[in-house]
Amino acid sequence: MKNIVILISGGGSNMAAIVRAAQARDWRGRYGAQVAAVISNRADAGGLVFAGERRIATEVVDHKRFDSRESFEAELAAAIDRHQPALLVLAGFMRILTPGFVARYAGRLLNIHPSLLPAFPGLHTHRRALEAGCRFAGATVHQVTAELDHGPILEQAVVPVLSQDTEETLAARVLTQEHVIYPRAIEGLLRSGL
Ligand code: GAR
């Protein structure tokens, strides 16, 4: 079985969309793939409840317990590697990863970012898109490389920016599209043999 491990920090709606797609589209039967575990750096991440309800293994590796990024990542990698993932999926995982961690999972590490990369890497993407007067916004699924929010693009979705938009309304419009493109990107990789 090809295991998928998902890292979250919060609500986990992208993780939930991936889990739903995996179950509804029978990723086990079609590709021999399953979401094996959901790991969070925050104990209060809402997505952990959903994953538990779906009988997916959950774990918390709280970054605040560690005095360096490297020691946090060492424990995180140990938790991940117990599931021997074919794919490691960042879904709203809000910690910057060191080049060493990225190298460990090179070629099998994905991220979703709430902008049309290469525009607006980093934080506050929707605020920055509104301030820049963008007519369109969106989201990007990409392979993770050592440089933050860079790496080969797998999928993008575009949404219009409306004149009355706030950061919140734009974020919500983009998020609904994230839920479409993230499962699609993963299924595309599974279909191509991963
Ligand atoms: C999503 O919009 C995702 O693109 C973004 O955080 C949100 C997580 O929502 N990720 C980043 O900003 C990464 N830099 P979710 O927890 O409901 O999936």
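**Group meeting: aromatic pairs, sheet and ligand site**

Counting ring pairs here gives two aromatic pairs. The rule is that rings of Phe, Tyr and Trp (its six-membered ring) pair if their centres lie within 6.5 Å; planes under 30 degrees apart count as stacked, over 60 as edge-to-face and the rest as tilted.

Before I go on, the model is predicted: local features need pLDDT of at least 70, side-chain atom pairs count only at pLDDT 80 or more, and totals for chains, interfaces and linings use all residues. Residues are numbered from 1 along each chain as its sequence is written, and side-chain values use heavy atoms, with hydrogens and water left out.

F66 is buried at 17%, and F72 is buried at 4%. F101 and Y105 are both buried.

Now V102, in helix α5, residues 99–104. Helices (H or I, at least four residues) and strands (E, at least two) are DSSP runs, numbered from the N terminus. V102 has 6% relative accessibility, so it counts as buried. Leaving aside neighbours within four places in sequence, V102 is in contact (heavy atoms within 4.5 Å) with L97, L109, V144, T145 and A146. E147 is 45 residues away from V102 along the chain, and their C-alpha atoms are 9.5 Å apart.

Next, the sheet. It is open, with seven strands in the order β3-β2-β1-β4-β5-β6-β7 and mixed pairing; two strands pair if DSSP finds at least two bridges between them. At the edges are β3 (57–60) and β7 (153–160), each with a single partner strand, so one side of each has no neighbour in the sheet. On average, neighbouring strands are turned by 20 degrees against each other, direction ignored. Strands β1 (residues 2–8) and β4 (residues 85–90) run parallel and are joined by five bridges, and V5 has L88 as its bridge partner in β4.

Two helices on the strands. Helix α1 (residues 13–24) lies across β1, β2 (33–40), β4 and β5 (109–113), at about 160 degrees to β2. Helix α7 (residues 167–191) packs on the sheet and touches β1, β2, β4, β5, β6 and β7, its direction making about 155 degrees with that of β7. For these angles, axes are lines fitted to C-alpha atoms, for helices over the stretch in contact, and angles run from 0 to 180 degrees between N-to-C directions.

T140 is buried, at 0% relative accessible area. Which side chain does the side chain of T140 meet in a polar contact? That of Q156, at 2.9 Å. A polar contact is a pair of N or O atoms within 3.5 Å; within protein, one must be able to donate a hydrogen and the other to accept it, and residues adjacent in sequence count only if both atoms are side-chain atoms.

Last, the ligand. The residues around it, meaning those with a heavy atom within 4 Å, are G11, G12, S13, N14, G92, M94, I112, H113, P114, L175 and E178. Oxygen atoms of the ligand lie 2.5 Å from a polar side-chain atom of S13, 2.9 Å from a polar backbone atom of N14 and 2.7 Å from a polar side-chain atom of E178.

Terms used. Buried means under 20% relative accessible area, exposed over 50%, partly exposed in between (1.4 Å probe, protein chains only).
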